[in-house]
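Keep the structure open as you read.

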Amino acid sequence: MQGYNLYRQLSEKKIIAPIVQTCLMNQTWPKNMVFPDPYYHDSHTDDYAHPSTHAVPGELALFHMLSLERKRLLPKEEQTFTRTFTPMMGSMVHTIVQQKLIHDGWVQPEDVEIALINEEEHWRGHADLMFKGNLVDIKTINSRSFQMLTVAKKSWVYQLHPYMHNLGLKTSMVLAIEVGMPWNMKEIRVDFKQKTLDAIYSKWERVRKAIKEDIPPDSCCDYGDHTYCPIACGGKIPKD
């Protein structure tokens with residue numbers, strides 16, 4: 001099955017997926033592999049917008065999420081095994097793919113976890129991987145969702161747009177990795193659209209203005225692919 005999937009990826013002219021599959025199958029590994037803290041994120045302590053977290057939520061949610069004073073008041077999500085283990089697994093998969101590509105000579109250390117910052121738009125983040133000039137964002141996804149995945153999720157598309165803007169790129173790709181048997185991969189292209197970037201930047205600008213003036217925006221019900229708003233205004237949100 002793995003051989004079939006690899007040949008299919010190659011026949012479809014995929015760029016990163018067949019390389020990652022081959023690297024993970026060749027049984028040569030770095031001597032030491034350090035896994036980062038899966039729960040640490042700069043957005044917990046700064047007032048920058050972070051594309052991975054703040055590109056999709058509505059303005060009232062962002063008003064609370066980006067304000068240094070207000071984010072401390074947000075209720076913490078109930079800690080469950082799923083919420084504990086999911087980011088841990090995602091962090092491990094990211095690290096294994098990144099470090100294996102470095103170990104096998106496909107990329108250099110400076111090609112992973114690339115720090116990006118845009119002071120004009122007041123955002124910062126980290127790109128997962130640059131591979132042969134291609135921006136790659138690694139996503140882990142459960143088997144059921146993986147089977148239904150045909151296009152990049154809205155949150156993934158929105159996250160990649162500021163990155164593409166900063167790097168001067170017109171395309172990027174998502175490497176979606178199935179977490180569970182049979183551990184398949186899908187490579188999905190994301191094209192840059194100026195309209196999408198403008199919508200993200202203008203929203204962030206309005207939120208910064210609202211925080212400065214200390215005037216909360218109107219209630220929002222557009223927390224993207226999520227089903228629960230992180231602030232009390234939205235509560236449960238029906239799926240599209």
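Predicted model: local features only at pLDDT ≥ 70, side-chain atom pairs only at ≥ 80, totals over all residues.

Strand S4 covers residues 171-179, and it pairs with S5 in the antiparallel sense over 7 bridges.

**The S4 and S5 hairpin**

- Across the pair, Ala176 stands opposite Lys186 in S5.
- The hairpin of S4 and S5 has 5 residues between the strands.
- In that hairpin, Gly180 takes a positive phi near 140 degrees.

**The whole sheet**

- The sheet is open and is formed by 5 strands.
- Their order is S1-S2-S3-S4-S5, and the pairing is mixed.
- The edge strands are S1 (112-118) and S5 (185-191), each of which pairs on one side only.
- From one strand to the next, the twist averages 45 degrees.

**Helices on the sheet**

- Helix H6 packs on the sheet and touches S1, S2 (123-131), S3 (134-142) and S4.
- The direction of H6 makes about 140 degrees with that of S3.
- Helix H8, residues 154-167, lies across S1, S2, S3, S4 and S5.
- H8 runs at about 165 degrees to S3.

**Helix H2 against helix H6**

- Two numbers describe a pair of packed helices: the angle between their axes and the distance between the axes.
- For H2 (residues 17-25) and H6 (residues 81-103), the angle is about 85 degrees and the axes are 10 Å apart.
- H2 is therefore roughly perpendicular to H6, because angles of 65 to 115 degrees count as roughly perpendicular.
- On the H2 side, the residues that meet H6 are Ile19, Val20, Cys23 and Leu24.
- On the H6 side, they meet Ile96, Val97, Lys100 and Leu101.
- By class, this contact has 7 nonpolar residues, no polar ones and 1 charged residue.

**Lys203**

- Where does Lys203 lie? It lies in helix H9, residues 194-213.
- Is Lys203 buried or exposed? Its relative accessible area is 9%, and under 20% means buried, so Lys203 is buried.
- The side chain of Lys203 reaches the backbone oxygen of Val56 at 3.2 Å.
- Leaving aside neighbours within four places in sequence, Lys203 is in contact with His54, Ala55, Val56, Pro57, Glu59 and Leu62.

Conventions:
Residues numbered from 1 in each chain as written. Heavy atoms only, no water. Axes fitted to C-alpha atoms, helices over the stretch in contact; angles between N-to-C directions. Helix = DSSP H or I, 4+ residues; strand = E, 2+ residues; numbered from the N terminus. Parallel < 35°, antiparallel > 145°, perpendicular 65-115°, else oblique. Contact = heavy atoms within 4.5 Å. Nonpolar A, V, L, I, M, F, W, Y, C, P; charged D, E, K, R; others polar. Pairing = 2+ DSSP bridges. Buried < 20%, exposed > 50% of the residue type's maximum accessible area, 1.4 Å probe, protein only. Polar contact = N/O pair within 3.5 Å; in protein donor to acceptor, adjacent residues only side chain to side chain.
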